[in-house]
Amino acid sequence: MLPPLEDDPRFHDALRHFDAGDWLEASDLFEELYFEAVRDELPLVRVLLQISTGMHHIARGQRRAARERLEEGLRVMNEVTNARGVDLERVRAVAVAALSP
């Protein structure tokens, strides 16, 4: 049986990478967690996966792909019922700033 998301060391590692702007590593870890997420964990991991992937696309100059991922992450943010300590307003601000011209 897998531990709850907030007890999984990969979740905390992924958040550290996200905070450091290491988007590829963050998105890789969030992708692993996404395929294992259950119940109310899924929307949160999906948001973090989409935003970190979008930010990776920004870093590579892939604006169209970035916009798609970031907009999806922002849309799904409304489905999160348990943020597990993640500051979603800060995550939203990162995405919104990246979408600004």
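1. Trp23 and its partners. Setting aside neighbours within four places in sequence, Trp23 is in contact with Phe18, Ser52, Met55, His56 and Val94. Contact here means heavy atoms within 4.5 Å. Trp23 sits in helix α2. Helices are DSSP runs (H or I, at least four residues), numbered from the N terminus. Trp23 counts as buried because its relative accessible area is 15%. The classes are buried under 20%, exposed over 50% and partly exposed in between (1.4 Å probe, protein chains only). His57 lies 34 residues from Trp23 in sequence, and their C-alpha atoms are 8.8 Å apart.

2. Basis. This is a predicted model, in which local features need pLDDT of at least 70 and side-chain atom pairs count only at pLDDT 80 or more, while totals for chains, interfaces and linings use all residues. Residues are numbered from 1 along each chain as its sequence is written, and side-chain values use heavy atoms, with hydrogens and water left out.

3. Nonpolar core. The largest nonpolar core holds 29 residues. Such a core is a set of buried Ala, Val, Leu, Ile, Met, Phe, Trp, Tyr and Cys residues joined through side-chain atoms within 4.5 Å. Phe11, Phe30, Leu44, Leu48, Ile51, Val86 and Val91 touch the most other members. At least two residues come from each of α1 (9–20), α2 (23–34), α3 (41–59), α4 (63–76) and α5 (88–99). The largest share, seven residues, is from α3.

4. Leu48. Beyond its neighbours within four places in sequence, Leu48 is in contact with Phe11, Leu15, Phe18, Phe30, Val86 and Val91.

5. Helix α4. Its 14 residues should span 20 Å at 1.5 Å a residue, and the end C-alpha atoms are 20 Å apart, which agrees. The expected span is 1.5 Å times one less than the number of residues. Buried in α4 are Ala66, Leu70, Glu72, Gly73, Leu74 and Val76. Their cover includes α3 and α5.

6. Positive phi, two cases. Arg39 is not a glycine, yet its phi is positive, about 45°. Arg39 is in the loop between α2 and α3. Arg39 counts as exposed, at 72% relative accessibility. Arg84, also not a glycine, has a positive phi near 50°. Arg84 is in the loop between α4 and α5. Arg84 is buried, with a relative accessible area of 18%.

7. Asp8. This residue is in the segment before α1. Asp8 is buried, at 7% relative accessible area. Leaving out neighbours within four places in sequence, Asp8 is in contact with Pro3, Leu33 and Glu36.

8. Largest pocket. About 230 Å³ of space lies in it. A pocket is an open set of points on a 1 Å grid over the protein atoms alone, where a 1.4 Å probe fits, with protein on both sides within 12 Å along at least five of seven lines; lining residues have an atom within 4 Å of a point. Of the 15 lining residues, Leu2, Pro3, Pro4, Val38 and Glu41 are the closest to the pocket's centre. The lining divides into eight nonpolar, no polar and seven charged residues. Ala, Val, Leu, Ile, Met, Phe, Trp, Tyr, Cys and Pro count as nonpolar, Asp, Glu, Lys and Arg as charged, and the others, Gly among them, as polar.

9. Arg16. Helix α1 contains Arg16. Arg16 is exposed, with a relative accessible area of 52%. Arg16 and Arg64 are 48 residues apart in sequence and 26 Å apart in space, C-alpha to C-alpha.

Methods: Grid points are joined across faces, edges and corners, and a volume is the space filled by probe spheres set on the points.
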